[in-house]
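Q: Hi, could you walk me through this one with me? I'd like to ask a few quick things as we look.
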Number of protein chains: 2
Amino acid sequence: MATIQEVAKLAGVSVATVSRVINNNTTVSPKSREKVETAIKELNYEPNLLGRNLRCSESRLLLVIIPSIDNPFYIKIINGIEEVARNMKYSIMLCANSSPERESLYFDMLKQRLADGIILMDPRVNMERLTSLSESYPIVQCSEYIAIESIPYVRIDNEIASYNAVTHLLSLGHTDIALINTDDRFIYAKHRKQGYLRALSEYGIEVNEDWLITADNHNFEDGKKAVKKVLQLEKKPTAIFAISDTLAIGVLKQIQDSGLRVPDDIAVVGFDGISFSEMTNPALTTVSQPMYQMGVEAATMLIEKIQSIPVTSRIVKHDLVVRESTIGKKIK
Amino acid sequence: MATIQEVAKLAGVSVATVSRVINNNTTVSPKSREKVETAIKELNYEPNLLGRNLRCSESRLLLVIIPSIDNPFYIKIINGIEEVARNMKYSIMLCANSSPERESLYFDMLKQRLADGIILMDPRVNMERLTSLSESYPIVQCSEYIAIESIPYVRIDNEIASYNAVTHLLSLGHTDIALINTDDRFIYAKHRKQGYLRALSEYGIEVNEDWLITADNHNFEDGKKAVKKVLQLEKKPTAIFAISDTLAIGVLKQIQDSGLRVPDDIAVVGFDGISFSEMTNPALTTVSQPMYQMGVEAATMLIEKIQSIPVTSRIVKHDLVVRESTIGKKIK
DNA sequence: ATGAAAGCGCTAACAC
DNA sequence: GTGTTAGCGCTTTCAT
C-alpha cells in the first residue's frame, strides 16, 4: 500500500508535486510529471481517498432514501441519479426500508460528514428533524415531497395525473369507480384523491364512500386485500383505480382469483409505469412517470445545492399509458 | 461544526478523554464523562467520521455488486446483507448495472480505501483482475460464483435444484420440456442445464436441441422472445422451464398473448422465488432460493474476512414451490 | 514550477 | 484515569 510519500521519494520530488500530478489541475513540468507517473506505476500507487476526503472535508457520496427497495418504481429513478452522480464523480448509497432509527442513521451520515447530500423519496420522515437538517445540509426531494422552503423537489402533477386516469375510465363508460389509495398524510395520495374526486364531480357522479379504500402500503398483498374488501360490498364497482402499479398488480391478481375477468367485469388502472406493468395478463393501463428523468433532475439539483448554487423545484410530465386492463385485448 | 478539540476545551479535558467517551471502550471517570457529555450537547457535537476513518484506515462500507437492480431476485438478499451490516455498524453501497468501466470504479473504491470489502453477485467480472484483487482485499461471492480459492461463496446447489424442477414437470407427465437458459459461461446456467439433462436422461427422454433456448438476459422481454422462438417450431413443447422468474414471467405473458393457456397448453416453471412470482396469473411454480439467508451469510462471511477470520464456502437449501403454472388453479 | 510545512479531525501509544 | 503527542494520507497556502 504505497503512499504519496513513497511516490514522491521514488520520483525525487515533493509530495506536493505528486499531488499536483494526481489532480492535474496546476501546472507541473513535463519532466516532473513523467517522473511521478513512472513512480506511480512502479509502486502500483492508488491515492488513499480517506486522506483526501478528510483534507477536503467532503465524501463525494450522495444518500438516496427510498421507502422500500421492494417497489420497482424507484429503480429507474435510481438509474437516472446514478448516471448524473457518476459523471460528476459522486457515488450514491441506497438507503431503503427507512424507519425512525434508520432515518437518524442516515441523517447522522450527513452530520458526520460521511455523505454530502440526500435525495429524499420517503415522505415518512420526521418533519421537524428534516426541516432543521435542511437548513445546514443539502437535501432535495424526488417524487414525494413535503412543502418546505429549504428543500426543493422534482415531481409530477399528481392531481392532474390522477384526473387523467379517472377520466379515461369515465370516458369508457364506467361510473362506478373504486379508488385504492394510501394514507392521506402522503401528499401524493391526497393529490391523487383530489384528481379522482374532481373527475367524478365533473361527470356529475356521486362519491361512494365504500369505494374509497385505504391500503396500508404499496405491496401486492395490500392490493389483494383491498379487492377482497371491495368484492364483499353489496354494490361492486366496475373499475378500480389503484394508486400504484404494485397495488394494481395485486388487484389484478385478486380479481382473477375471485373468478372475475379484467376488464370485462372490472377494469383496472395503476400508477407509476413500472416495467412489470407491461407483463401482467392483461397488461396494465397506468399513469407513467418519467422516472429516469426525475432521477437525473434530482441528482443535478442536489449537486448544485452542494455547490451552493440556488435551485428551484420543478414539475415534470406524466403520461397515461392505455393497455389491456381497461380496453381489453386486441386481436393479434 | 464543532470538533473534538472544542469539546475538549469546553469540557476542560484533553481530546483523548473526549475520544474515550465517544468510543466508550476505555475507562473514564464519571466526572469527566459527565463534563464531556454536557460539552457535547452544548456544542451539538457530531464526530467527523472522515477523521476517524483516516485514522483507523477503514471506511466501514461494504460494496454489494449486482448485475442489475431491475431483477427483484437480489432484493431480499440485500435485505439480509443490510441487517447484518447494520448490526455490525457497517453501511452498504449498492453497485448495479456493472460494466467493465463501472466494475473498475468499484474495485478502485477498495484500493482507495473507500470500501472495506465486496459482496459479489455479478459473475461477469474480469476474472484476472478479480483474482489478483481477492488476494489483497476481502471479497465474497453470493449466489453466482467463480471457483477461486481466495473468494468464498454462498449459494444453492443449482444442479439439484434444476433437477427437482424438471422432475416435477416429468412427474406431471410432461415429456416435451423446453429449457430457457442464459449463457453457458455462467456457472449457475451450466449447472441448471446439467440438472435438466440429468432429469431427462433418468426418464429416458431424448434431448431436443430445438428446445434449448439461450436468452440474452433475465429481462421479461427476453422471456417473451424465447417463447416466440419456441412457438414457431414444428413440434412445440408442453412445458417450459425458465432459468429465472423474470424470464418465466415474460414466458407466461407471451404464451397467453399467443392465445394459449398455462398450464393447459404449456406448463411453466421459473427459478428464484421473487415476490412477483406469486402475483402472476396463473401463479408461478418456481424453485425458491433462501435469499434473505444468503444475504445474511454473505455479509457475515465478508465481515469475518475483513477481520481476518478464515471463512469457508457454504451451500444453502433451495425449495420447489408448486403453484398454478404447472398444476392449474384450485377451486376457491 | 516546486518544496516546506501546516493542518483536516481523529485515535492510540505512552508517560505520568 | 488522564494528558501529551505522533501520526493516518492527503491538499494547499506560502515562499522561493
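Q: Which helices each supply at least two residues of the surface near DNA strand D?
A: Helix 2 (15-22) and helix 4 (49-56) of chain A do, along with helix 2 (15-22), helix 3 (30-43) and helix 4 (49-56) of chain B. Helices here are DSSP runs of H or I with at least four residues, strands are E runs of at least two, and both are numbered from the N terminus. This is a predicted model, where local features need pLDDT of at least 70, side-chain atom pairs count only at pLDDT 80 or more, and totals for chains, interfaces and linings use all residues. Residues are numbered from 1 along each chain as its sequence is written, while chains are lettered from A and ligands numbered from 1 in the order in which they are written.
Q: How many residues surround DNA strand D, and which are the closest?
A: There are 29, with A:Ile4, A:Ala16, A:Asn48, A:Gly51 and B:Ser29 the closest. Near means that the C-beta atom, placed from the backbone, lies within 6 Å.
Q: And by class?
A: That surface has 12 nonpolar, 12 polar and five charged residues. Nonpolar covers Ala, Val, Leu, Ile, Met, Phe, Trp, Tyr, Cys and Pro, charged covers Asp, Glu, Lys and Arg, and the others, Gly among them, are polar.
Q: Switching topic, how many residues of chain A are in contact with chain B?
A: 31 residues of chain A contact 31 of chain B, counting pairs whose C-beta atoms, placed from the backbone, lie within 7 Å.
Q: Which elements give two or more residues to the chain A side?
A: Helix 4, helix 5 (73-87), strand 2 (91-95) and helix 11 (245-257) of chain A. The residues on that side divide into 14 nonpolar, 10 polar and seven charged.
Q: What order do the strands take in the open sheet of six in chain A?
A: The order is 7-6-8-9-10-12, with mixed pairing; strands pair if DSSP finds at least two bridges between them.
Q: Which strands stand at the edges?
A: Strand 7 (212-214) and strand 12 (319-321) of chain A, each with a single partner strand, so one side of each has no neighbour in the sheet.
Q: How do strand 10 and strand 12 of chain A run?
A: They run antiparallel, joined by three bridges. A:Ser288 has A:Asp319 in strand 12 of chain A as its bridge partner.

Technical notes:
Two residues are in contact if their C-beta atoms, placed from the backbone, lie within 7 Å.
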